[in-house]
Amino acid sequence: MISWGRAAVFLLTLFIAGGAASADKSDFQFKKQPEIQQVRPQKPVKIKLHRNAKGEYSWDLNSDNVDEIVNTDRKLRKLLKIQ
């Protein structure tokens with residue numbers, strides 16, 4: 001059997017903990033930060049490499065970022081020693 005003293009302490013603890021939890025919720029503020037919402041990982045450049053019967057290479061590059069396409073094309077030309 002629980003004594004009245006223990007029950008009072010238990011109820012008082014619940015009351016204080018409940019009050020602290022509700023105070024934390026009221027302090028919380030929701031902010032929208034557009035610079036964070038628009039951050040998305042960049043999609044990689046997709047490369048389709050083709051080789052013809054003469055052993056020459058050609059490729060198709062696809063991406064949302066034009067600069068990445070140009071850099072990838074430059075790297076492929078350097079690696080394959082074209083031009």
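T72 counts as buried because its relative accessibility is 15%, where buried means under 20% relative accessible area, exposed means over 50%, and partly exposed covers the range in between (1.4 Å probe, protein chains only). The place of T72 is in helix α3; helices here are DSSP runs of H or I with at least four residues, strands are runs of E with at least two, and both are numbered from the N terminus. Leaving out residues up to four places away in sequence, T72 touches V45, I47 and L61, with contact taken as heavy atoms within 4.5 Å. A polar atom of the T72 side chain also lies 2.7 Å from the backbone oxygen of E68. Such a polar contact is a pair of N or O atoms within 3.5 Å; within protein, one must be able to donate a hydrogen and the other to accept it, and residues adjacent in sequence count only if both atoms are side-chain atoms.

The model is predicted, with local features needing pLDDT of at least 70 and side-chain atom pairs counting only at pLDDT 80 or more, while totals for chains, interfaces and linings use all residues. Residues are numbered from 1 along each chain as its sequence is written, and side-chain values use heavy atoms, with hydrogens and water left out.

Helix α3 also holds I69, which is partly exposed because its relative accessible area is 23%. Beyond its neighbours within four places in sequence, I69 is in contact with V45, L61, N62 and S63. The C-alpha atoms of I69 and K46 are separated by 9.0 Å, although these residues lie 23 apart along the chain.

What do the ends of α3 look like? After α3 comes K81, whose phi is positive, near 55 degrees. The helix covers residues 66-79, and its 14 residues should span 20 Å at 1.5 Å a residue; the end C-alpha atoms are 20 Å apart, so the two values agree. The expected span is 1.5 Å times one less than the number of residues.

The structure holds 1 salt bridge, meaning a side-chain nitrogen of Lys or Arg within 4 Å of a carboxyl oxygen of Asp or Glu. The partners are R77 and D73, whose side chains meet at 3.0 Å, N to O. Because R77 and D73 are 4 residues apart in helix α3, about one helical turn separates them. R77 is partly exposed at 30% relative accessibility, and D73 is partly exposed too, at 22%.

Turning to the whole protein, there are 3 helices and 2 strands, arranged along the sequence in the pattern α-α-β-β-α. Of the 83 residues, 6% are buried. Among contacts between residues at least 6 apart in sequence, 13% join residues at least 24 apart.

On the surface, F10, L11 and L14 form a nonpolar patch with about 330 Å² of accessible area together. Patches are made of residues with over 30% relative accessible area and no salt bridge, joining like charges within 9 Å and nonpolar side chains (Val, Leu, Ile, Met, Phe, Trp, Tyr) within 5 Å. L14 sits in helix α1, residues 4-27, and is partly exposed at 48% relative accessibility.

Definitions and conventions. Accessible areas come from the Shrake-Rupley method with a 1.4 Å probe; for residues, only the protein chains shown count as cover.
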